[in-house]
Amino acid sequence: MKLETLRSSLEFLAGSRDEAPTLLTGRYGAALRCCVWIAAIALIYAFCGQSSKFIYIDF
Amino acid sequence: MIFNTLSYYFCFLIPAAIAFRLATVRVRPWIIVLFGSAFFLHFAYGMAGVGGALCLLIFLWESLTSRLYRPGSRWCLLGLTQSLLFLGLFKYWNFFTGLLFFHQSNPLRWQGAFLPLGISFFTFEFYHYAWDRRAGKTEAGRLSEYLSFILFFPTMVAGPIKRYQDFLPKLRATLGDWNQDWERGATRILCGLVKKFAVADLLTAWTDHLNAHDLLTADRRMLPVWLLAYGIKIYADFSGYSDIAIGSARLFGIRVPENFDWPYGRRNIQRFWQCWHISLTRWLIDYVYIPLGGSRVARPRIYANLIAVMLISGLWHGAGVHFLAWGLWHGLLLAGQRLWRQWRGEPSTAPVPVFSSRVLTFVLVNAGWAFFCMDLPTAQIFFRRLFVG
């Protein structure tokens, strides 16, 4: 896989790009997006207890 | 905290975004003003008490004076001055008066000093509006529209720093597809929270060691690891924050500027700054670097301008000598890169030089974080232990 494709795929899965790369269109892409949501919610749930403030808040 | 609290999502973001999308174009700005004011009062009170909450008056004052700004008008100069005064008074009063009474107690010290929520960011938006109105680069808009620009709470606290001429058309436009905006926005928010909770906060266990005691007692091989951890932490923390802000704005159907574009791994320090905190870099270029003459002056002046801009950037990041040192470090790197480019010409595109320059840029940026996250004596200890032992 080309680096550019990997980048656009990651950006799409992270919500910062609107157009899905060809790799992530169709049923396969929708399933992968669901997996990203589940993984993200699981990670947030697992780590949210130790939260500290954002570095840039006091700027 | 703010973006990692449930109250942000359930009391402010979701109700405001729904109300905004259901309202007519004329009512939409007032929805933002209403929720933005409530947001500021709630979180500013939580951080700095009644004094902090009263700083909402700064927004009201600014919005009233902004009605006087006209192209070429002197009132715009008042706007520029008052923006800098707000920032100077709250953020730098104790720092500069402390420098006046170096090594002595400061009789002018403001004991109850506090930082109003988001002051470093909203004053830059005030400044931009006054400047661009004076230059005739933006229309005045209605009072409600300007108020909604400065009180747009997803970006109020820590950016991205918006431009009025970009924001206004989005406020007036027909909103895009609700489903797509919410799916993309929520995904962005979730990824931002993952960066914050699962990366940035997790690295705190290592970055907490960047203090004088641990630096003096630890195995010196751990020092670069801790600093590298800080480099990753600040990226995950701030880009995560920006993701949440941009994702939150997307729920309203409003797209705000991006703040990061894969900054680590860039070929040189100039490219790094074009991809790190992009909205700040653009602000500094437009309102500091270009007014100083930019790149259209003699070469020594260009280097001086670059260093001056980065010193201002350093001071903006915090009222401390170590932030100035961090700014100076980046100013010298930018000036050094220009000198190198003049001497050696266009960079090679062969794989080895490209890879080496990416690694070198990454190392230099990370070395600079030492001045950012530690005070000057501690940073001195860090480098002495690292290189001398």
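## Ground rules

A residue counts as buried if 20 or more other C-beta atoms lie within 10 Å of its own, as exposed if 12 or fewer do, and as partly exposed in between, with C-beta atoms placed from the backbone. This is a predicted model, in which local features need pLDDT of at least 70 and side-chain atom pairs count only at pLDDT 80 or more, while totals for chains, interfaces and linings use all residues. Residues are numbered from 1 along each chain as its sequence is written, and chains are lettered from A, with ligands numbered from 1, in the order in which they are written.

## The two chains

Start with chain B: 17 helices and zero strands. (Helices are DSSP runs of H or I with at least four residues, strands are runs of E with at least two, and both are numbered from the N terminus.) Its C-alpha trace spans about 65 × 50 × 45 Å along the principal axes. For 389 residues, a compact globule would have a radius of gyration near 21 Å, and the 22 Å of chain B agrees. That radius is taken over C-alpha atoms, and the globule rule is 2.2 Å times the number of residues to the power 0.38. Buried residues come to 44% of the 389 in chain B. Take the contacts in chain B between residues at least 6 apart in sequence: 70% of them join residues at least 24 apart. Here, contact means that the C-beta atoms of two residues, placed from the backbone, lie within 7 Å.

Chain A has two helices and zero strands. Its C-alpha atoms fill a box of roughly 40 × 25 × 20 Å along the principal axes. A compact globule of 59 residues would have a radius of gyration near 10 Å, but chain A comes out at 15 Å. Of those 59 residues, 12% are buried.

## Where the chains meet

On the chain A side, 21 residues touch 27 residues of chain B. The chain A face is made up of 13 nonpolar, five polar and three charged residues. For these classes, Ala, Val, Leu, Ile, Met, Phe, Trp, Tyr, Cys and Pro are nonpolar, Asp, Glu, Lys and Arg are charged, and the others, Gly among them, are polar.

## Helix pairs in chain B

How do α9(B) and α11(B) cross? The axes of α9 (residues 178–207) and α11 (residues 222–251) of chain B come within 7 Å and cross at roughly 160°. Axes are lines fitted to C-alpha atoms, for helices over the stretch in contact, and angles run from 0 to 180 degrees between N-to-C directions. The pair is therefore roughly antiparallel; angles under 35 degrees count as roughly parallel, over 145 as roughly antiparallel, 65 to 115 as roughly perpendicular and the rest as oblique. Their contact has 19 nonpolar, seven polar and nine charged residues.

Then there's α6 (residues 143–150) with α8 (residues 164–172), also in chain B, whose axes come within 10 Å and cross at roughly 115°. That makes α6(B) roughly perpendicular to α8(B). E145(B), S148(B) and F149(B) of α6(B) meet Y164(B), F167(B), L168(B) and L171(B) of α8(B).

## A covered helix and an arginine

In α13 (residues 278–289) of chain B, the buried residues are I278(B), S279(B), L280(B), T281(B), W283(B), L284(B) and Y289(B). Their cover includes α5 (119–134), α12 (269–275) and α14 (299–317) of chain B.

R21(B) sits in α1 (residues 6–22) of chain B. With 16 other C-beta atoms within 10 Å, R21(B) is partly exposed. Setting aside neighbours within four places in sequence, R21(B) is in contact with L175(B), W178(B) and G253(B).
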